[in-house]
Amino acid sequence: MSQGTLYVNQRIRGWLPKAIVKHLSLDVNVVNTEESLEQFSKDFPLKKIPGFAGPNGFKLTEVIAILFYLVNLSSDEETKNTLLGEDVATKAQVLRWVSLANTDLCSQLVSAFTPLRGDVPYNKKQIDTALVAVEKIVEVYESRLKEYTYLVGEEITLADLFSATIFTRGFNYLFGEEW
């Protein structure tokens, strides 16, 4: 029996859940929301990406919850412990970095680049404020990564993978050659 259906589109918050399904060989049907808009809208009226529909009416929204759920579907305990952390403190650190990327970093990047792309009206003050916030957040990442190879522990975790995914938009639209 299938473990569920993951609804994604081209937006970055769907990239890692989709990759987790593939990498962990989960029995999860990955569906592009544009190809199944009617069912997606029925299951997820707010149309938030990603969405996960599991057996017996189980539904999840919010990328962090979906990522943790998908990793926990794996039967490989070593992989789960590596990606999510082996103990409560490590798991909390993984959540910390994933949350920072999902909320602060992503929102500030979007505030900075959407006016530059013409998606919203240009507002210099908004862009400048967002760029200052992005710089402060980047400093938090840089200070950690100057001393350590990974954001949490000695192996790559969900924190590294998800943060790298969110940083993609900075590389797409904001960061210059020095990056």
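This is a predicted model: local features need pLDDT of at least 70, side-chain atom pairs count only at pLDDT 80 or more; totals for chains, interfaces and linings use all residues.
By residue class, the lining of the second largest pocket divides into eight nonpolar, two polar and two charged residues.

The largest pocket has a volume of about 410 Å³ and is lined by 18 residues, of which Arg11, Ile12, Arg13, Cys106 and Val110 lie nearest its centre. The elements that contribute two or more residues to this lining are helix H5 (88-117) and helix H7 (158-173), with H5 giving the most, namely six residues. The lining of the largest pocket comprises eight nonpolar, two polar and eight charged residues.

Five salt bridges are present in the structure, among them one in which the side chains of Lys59 and Asp43 meet at 3.9 Å, N to O. This pair links distant parts of the chain, with Lys59 in strand E4 (residues 59-61) and Asp43 in helix H2 (residues 37-43), 16 residues apart. Lys59 counts as partly exposed because its relative accessibility is 40%, whereas Asp43, at 15% relative accessibility, counts as buried, the cut-off for burial being under 20%.

A further salt bridge joins the side chains of Glu62 and Lys48, at 2.7 Å, N to O. This pair, too, links distant parts of the chain: Glu62 is placed in the loop between E4 and helix H3 (63-73), and Lys48 in the loop between H2 and strand E3 (51-53), 14 residues apart. Glu62 has a relative accessible area of 40% and is therefore partly exposed, and Lys48, at 36% relative accessibility, likewise counts as partly exposed.

Another of the salt bridges is formed by the side chains of Lys80 and Glu77, at 2.9 Å, N to O. Both residues of this pair, Lys80 and Glu77, lie in helix H4 (residues 77-84), three residues apart, which is about one turn of the helix. Lys80 is buried, with a relative accessible area of 12%, while Glu77 is partly exposed, with a relative accessible area of 46%.

Conventions:
Residues are numbered from 1 along each chain as its sequence is written. Side-chain values use heavy atoms; hydrogens and water are left out. On a 1 Å grid over the protein atoms alone, a cavity is a set of points where a 1.4 Å probe fits but cannot get out, and a pocket is an open set with protein on both sides within 12 Å along at least five of seven lines; lining residues have an atom within 4 Å of a point. Grid points are joined across faces, edges and corners, and a volume is the space filled by probe spheres set on the points. Helices (H or I, at least four residues) and strands (E, at least two) are DSSP runs, numbered from the N terminus. Ala, Val, Leu, Ile, Met, Phe, Trp, Tyr, Cys and Pro count as nonpolar, Asp, Glu, Lys and Arg as charged, and the others, Gly among them, as polar. A salt bridge is a side-chain nitrogen of Lys or Arg within 4 Å of a carboxyl oxygen of Asp or Glu. Buried means under 20% relative accessible area, exposed over 50%, partly exposed in between (1.4 Å probe, protein chains only).
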